[in-house]
Amino acid sequence: MAAAAKAAGALALALVLALAGANSEGDALSALRRSLRDPGGVLQSWDPTLVNPCTWFHVTCDSDNRVTRLDLGNLNLSGHLVPELGKLEHLQYLELYKNNIQGTIPSELGSLKNLISLDLYKNNISGTIPPALGNLKSLVFLRLNGNHLTGPIPRELAGISSLKVVDVSSNDLCGTIPTSGPFEHIPLSNFEKNPRLEGPELQGLAIYDTNC
């Protein structure tokens, strides 16, 4: 009897923790929803009163009801990203391409340790690329092209061994292009149309002023 009660207690605790996690993720997505303008009503199903966000359109969850995908590309959304996105700790795909997202990339996205794909291309995002994105050790795809990003390409990104695709073309980046780690295999065309970008960095030479 005691063993059964103990097992039931453990199950109840697990359920409470799962619901707490789901609510935390729901809160994060609700913060994003509040920051976005949605003229087409594509986010109408995002009801913050539900127990978890797994029934919301454009949200995918795993078998434990943890959010793993946000598919919000090409939905005529505007507004800005929110730091609360960093709480989606199981997120693997963040797809917000081809919208009218403005503002900056929150450094909190660097907390998404399971993120495989970060697609923010063809928006109106400004500011710099956060060095904290170098913490995304599972990242394979980083597509930030077609925005208004400034500043240098963070060298921290060169430490992501899983990175296969980087596209930062058509921005206003400056400095030099990293050439170590995954950047050895990224084509130069993925850096073009950044008028202030100097070209590939030269390893082993003295640091020189790049006006960045």
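This is a dialogue on how some features of a predicted model get their names.

Trainee: What is the mean pLDDT of the protein?
Mentor: The mean pLDDT is 90, and 86% of the residues reach 70 or more. Over residues 7-21, however, pLDDT stays under 50, and the model has one contact beyond four places in sequence for that stretch.

Trainee: What makes Cys174 and Cys212 a disulfide?
Mentor: Their S to S distance is 2.0 Å. The cut-off is 2.5 Å, so the pair counts as a disulfide.

Trainee: Why is the disulfide of Cys174 and Cys212 called right-handed?
Mentor: Because the torsion about its S-S bond is about 60°. Cys174 lies in strand S12 (residues 172-177) and Cys212 in the segment after strand S13 (196-200), so the bond ties together parts that are 38 residues apart in sequence.

Trainee: How many disulfides does a search of the whole structure find?
Mentor: Two. Another joins Cys54 to Cys61, with S to S at 2.1 Å, and is left-handed, with -95° about the S-S bond. With bonded cysteines counted along the chain, the pattern is 1-2, 3-4.

Trainee: What lies 2.8 Å from the backbone nitrogen of Cys54?
Mentor: A polar atom of the side chain of Asn52. Asn52 is found in the loop between strand S1 (36-37) and strand S2 (59-61). At 15% relative accessibility, Asn52 is below the 20% limit and therefore counts as buried.

Trainee: How many aromatic pairs are there?
Mentor: The count comes to three. One of them is Tyr97 with Tyr121, whose ring centres are 5.0 Å apart and whose planes are at 10°. The centres are within 6.5 Å and the angle is under 30 degrees, so the pair is stacked. Tyr97, in the loop between strand S5 (93-95) and strand S6 (100-102), is 24 residues from Tyr121, in the loop between strand S7 (117-119) and strand S8 (126-128).

Trainee: Why is the pair of Phe183 and Phe191 called tilted?
Mentor: Their planes are at 35°, with ring centres 6.3 Å apart. Stacked needs under 30 degrees and edge-to-face over 60, so the pair is tilted. Phe183 and Phe191 are both buried.

Trainee: How do you know that the charged end of Arg69 sits over the ring of Tyr93?
Mentor: The charged end lies 4.3 Å from the ring centre, and the distance limit is 6 Å. The rule also asks for a position within 35 degrees of the ring normal.

Definitions and conventions:
Residues numbered from 1 in each chain as written. Predicted model: local features only at pLDDT ≥ 70, side-chain atom pairs only at ≥ 80, totals over all residues. Heavy atoms only, no water. pLDDT = per-residue confidence, 0-100. Contact = heavy atoms within 4.5 Å. Helix = DSSP H or I, 4+ residues; strand = E, 2+ residues; numbered from the N terminus. Buried < 20%, exposed > 50% of the residue type's maximum accessible area, 1.4 Å probe, protein only. Polar contact = N/O pair within 3.5 Å; in protein donor to acceptor, adjacent residues only side chain to side chain. Phe/Tyr/Trp six-rings, centres within 6.5 Å; stacked < 30°, edge-to-face > 60°.
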